[in-house]
Structures are given as C-alpha cells and as structure tokens.
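Dear colleague,

Here is the structure I wanted to hand over to you. Please look at it first, and then read my notes below.

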Amino acid sequence: MIELSDVHKSFGKVEVLKGITASVAKGEVVCIVGPSGSGKSTILRCINGLESYDRGDISVEGLKVDRDAPSIVNIRTQVSMVFQRFNLFPHRTALENVIEGPLFVKKEPRAQALERGRALLAQVGLAEKADAHPPQLSGGQQQRVAIARALAMQPKAILFDEPTSALDPELVGDVLGVMRKLADDGMTMVVVTHEMGFARDVADRVLFIDGGVIVEQGAAKTVLNQPQHPRTQDFLRRVLHPL
Amino acid sequence: MKGFWHDAAEFFPILMNGVALTIVVTIGSLLLSTVLGLIWAMMRVSGIKALSMLSASLINVIRGIPIIVLLFYLYFVMPDLGVTLSALQAAILGLGIAYSAYQAENFRAGIEAIDKGQIEAAQSIGMGWWLTMRRVVLPQAVRIVLPPYGNVMIMMLKDSSQASTITVAELALQGKLIASSTFKNTSVFTLVALMYLTMSIPLILLVRHFEKRAGKR
C-alpha cells in the first residue's frame with residue numbers, strides 16, 4: 001500500500017536519507033526505531049508530502065507522492081498523521097478539531113460530521129471533553145483528540161511521529177492503548193517510536209534505521225529480541241538498559 | 001476660564017463639523033489600509049517569489065515617502081495625469097496607502113508568529129494554502145495582531161489632521177480657520193486638542209482590552 005524505493009533526501013549538505021527501500025502492506029503495523037537524527041521522522045514526513053525528497057520513489061496505493069502536485073491533497077486525505085507535539089488547533093474545541101477536516105476538506109454535511117466526531121471522541125475515551133479547548137486538556141488527552149482528528153478523515157493508513165515522546169510517563173499508557181486498539185481493528189500504521197514494549201507487542205514488523213539507512217528489518221519479535229546487526233544490538237541495549 | 005467656556009459654547013458646533021470629517025477620513029483610510037495591508041501581507045507569505053518581492057518593494061516605497069508628499073501627489077499631480085480626485089477622496093486614498101505598509105508588516109508578523117506545526121497539521125488533513133490561512137492561521141493571528149492594530153487606529157485618528165494640507169476641513173483645519181478669523185488661539189486650539197483626546201480615549205481603552213485578551217492563553 002505504501003512503497004518507498006531508493007529514497008534519498010538531503011537538508012543542505014547533510015544527507016539524512018541514503019536510499020530507503022521499504023513497503024507497508026494493508027493492515028500492517030510497522031514500527032520505525034533508531035537513534036535520534038537517524039532520519040526516522042523524515043521518512044514519515046516524506047510519505048505524506050510534508051517534506052520533499054530528492055531521489056527515488058514513494059507511492060501510496062500506486063499514486064506517486066509529489067508535494068507540488070495537486071494529487072498530494074488526495075494522498076493526505078488517505079494517509080493521516082499524528083504529531084509528536086499534537087498540533088491541535090488551539091482556537092477550536094476538541095470536537096471542532098475532529099470535524100474540521102471532514103467539514104471543510106471532505107465537505108461532509110454538518111450533522112453527519114458532528115455525529116461521527118462525537119463517536120470518534122468516545123472511541124478514544126474523551127466523549128465528555130468534546131467542548132474543551134486543547135489548552136484545558138492534558139497532553140495525553142490532546143494526543144487522543146489528535147488521533148480522533150486523524151481517524152475522522154477515514155484514512156487508509158495513519159503515520160505516527162513519536163506520538164508519546166512529549167507526554168508525561170503516566171499518560172503514555174492511555175495513548176498507546178488507543179493505538180493498540182486501532183492496530184487490532186486492522187488499521188495500517190507506521191509508527192516512529194521509542195516505546196520498545198509497544199513495538200514488540202503490537203508491530204508486525206520493525207525497521208531499525210541508523211545514519212539514513214535501514215540497518216535491519218524483520219518481524220518485530222525477531223529484530224527486538226534477537227537483533228543480528230551489532231548497531232541494532234548496541235542501540236537496543238542502551239534503550240532497554242540505560243543504566 | 002469663564003472666557004474659555006463662552007468661546008467653547010460658541011465654536012463647538014462648527015468644530016463638530018470638523019469632527020465629522022475627521023471620523024470619515026479616519027474610518028475610510030483605516031478600512032482601505034486594512035484591506036491593502038492584508039493583500040500585501042498575503043503576497044508576502046504566499047511562498048511565490050515574484051509576489052513576495054513585489055510586495056516587499058511596494059512596502060518599502062510607501063514607507064519611504066512622507067504622508068504629506070503622498071497627499072500632495074494624489075491631490076495636485078494626479079489631475080495632470082487626468083485623474084481628478086476630491087480632497088476627501090485624495091485624503092482617504094493617501095492615508096490608506098501610507099498606512100497599508102505598516103498594517104502589512106503588522107499582519108505579516110502575526111501570521112509568521114503562528115507555530116509551523118499548525119500549518120503542518122492543516123496540510124496533513126488535506127487543507128490547501130487558502131483553507132489553511134482562513135481556518136487555521138488567520139483566526140490565531142488576529143489575537144496577536146489586534147493590540148498593534150489598535151495603536152494604528154490611534155495614530156490614524158491623529159494623522160487624519162494631515163488631510164488639512166489638501167483643504168479637507170477636518171477638525172484641525174476647522175480650528176485653524178476659526179482661530180485665524182477670531183484670534184482666540186488659546187480657546188480654539190485647547191478645544192481642538194481636547195476633542196482629539198476625547199476621541200482617542202475609547203480607542204486607548206480598546207487597545208488595553210485587546211492586550212488583556214491576547215495575554216490570556
């Protein structure tokens with residue numbers, strides 16, 4: 001469903017992606033792990049055209065990703081994104097955040113969008129927060145609203161860019177719980193994360209990225225429990241046993 | 001003091017005619033400068049190089065010309081080019097254009113103060129440039145822009161007196177005419193100053209309200 005082939009990307013003189021080739025099948029949950037600055041987030045941002053890429057090919061459902069072509073809107077409504085810093089619209093309520101896309105991009109009738117919006121907020125456990133503004137919500141609640149906003153577009157896949165990295169530790173579980181349920185329901189997900197427990201339990205596959213290349217990939221349990229490459233072994237040792 | 005109140009009662013009605021024109025010039029040029037300023041600001045942040053450069057040079061040209069020269073140009077030079085404007089039209093046009101440069105810079109600062117993540121969130125749900133502006137960026141920028149906008153309103157009210165140089169009989173010119181025919185300079189100009197001040201006070205309070213509101217959240 002999402003195909004990347006030999007994708008290169010530089011920021012100025014620094015090459016952050018040095019030939020990434022990967023694919024994500026429908027219904028699959030793929031976690032991307034690796035040290036900071038390895039290019040993980042850039043891969044996600046290239047998939048929905050928030051970032052351009054210099055060489056190679058990215059396609060979603062056979063449609064080439066080109067951020068300057070009109071078709072990018074089509075891709076973005078099929079592939080939603082959840083950000084590390086939530087990026088909710090602070091001047092709108094939780095419910096308004098969720099229905100913004102359906103109402104103004106997809107031109108859904110208001111009554112229908114409202115009904116679905118409320119159902120989605122209930123799905124992420126925030127039915128009673130519909131009329132709250134983002135600054136009145138905790139980080140975990142904001143991120144769950146952001147997930148509801150992504151779901152409201154009825155996407156075929158969702159990209160998660162370190163969705164729990166900006167959260168207090170005790171709020172991480174709520175967000176991961178919602179994501180786990182999505183995975184169980186068959187949503188296609190690409191998740192950049194440092195939560196190795198989540199990757200091991202929920203992901204079908206794990207890509208380990210370092211220095212802009214995929215160092216190792218495979219079934220989640222294999223890569224995380226018996227890593228083959230020394231760099232993967234070293235990274236996992238440091239993440240899992242920081243002391 | 002007794003003389004002042006006597007003079008005030010006598011001149012007040014005539015000066016009120018000036019006040020009416022002052023208000024017309026202020027509101028007219030405020031509206032024009034707001035619309036033009038928004039257009040320059042949108043061109044500036046459009047991401048299209050030609051538009052943004054055109055807008056930047058326009059703003060610099062406008063900023064570099066004194067308001068009074070702009071007014072003379074519109075009122076005395078334009079007729080030579082076949083465009084005749086009434087004094088009032090020239091005043092509103094001149095002040096509106098002059099202030100559009102400051103409005104544009106103010107609006108641009110407000111737009112650029114919006115977190116980049118907001119724009120990415122809008123794009124990620126499929127919004128195009130204009131929808132992102134209308135639904136996400138501008139509503140948030142308004143809060144930031146309002147306090148300086150209020151200050152521009154106060155400056156405009158006072159600068160509307162420059163219209164007197166091209167014969168618009170607003171408050172300042174009306175006062176000058178009375179003073180030069182009655183020689184009661186003290187009474188007349190004190191009264192004129194008090195009338196400007198009276199008009200400014202609601203605007204000053206409005207700015208304070210905007211600042212308080214922007215300070216929340």
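How many residue pairs are in polar contact between chain B and chain A? The count is six, with both residues at pLDDT 80 or more, where a polar contact is a pair of N or O atoms within 3.5 Å, one able to donate a hydrogen and the other to accept it, and where residues adjacent in sequence count only if both atoms are side-chain atoms. This is a predicted model, in which local features need pLDDT of at least 70 and side-chain atom pairs count only at pLDDT 80 or more, while totals for chains, interfaces and linings use all residues. Residues are numbered from 1 along each chain as its sequence is written, chains are lettered from A and ligands numbered from 1 in the order in which they are written, and side-chain values use heavy atoms, with hydrogens and water left out.

Two salt bridges (a side-chain nitrogen of Lys or Arg within 4 Å of a carboxyl oxygen of Asp or Glu) are found across the interface; one of them joins A:Arg45 to B:Glu120, with the closest N and O atoms 2.6 Å apart.

In terms of contact (heavy atoms within 4.5 Å), 18 residues of chain B meet 22 residues of chain A. The two chains bury about 1,800 Å² between them, 56% of it on carbon and sulfur atoms, buried area being the accessible area (1.4 Å probe) lost on putting the two parts together, summed over both. Of the area that chain B buries against chain A, B:Ser124, B:Ile125 and B:Arg135 supply 35%, more than any other three residues.

Best regards
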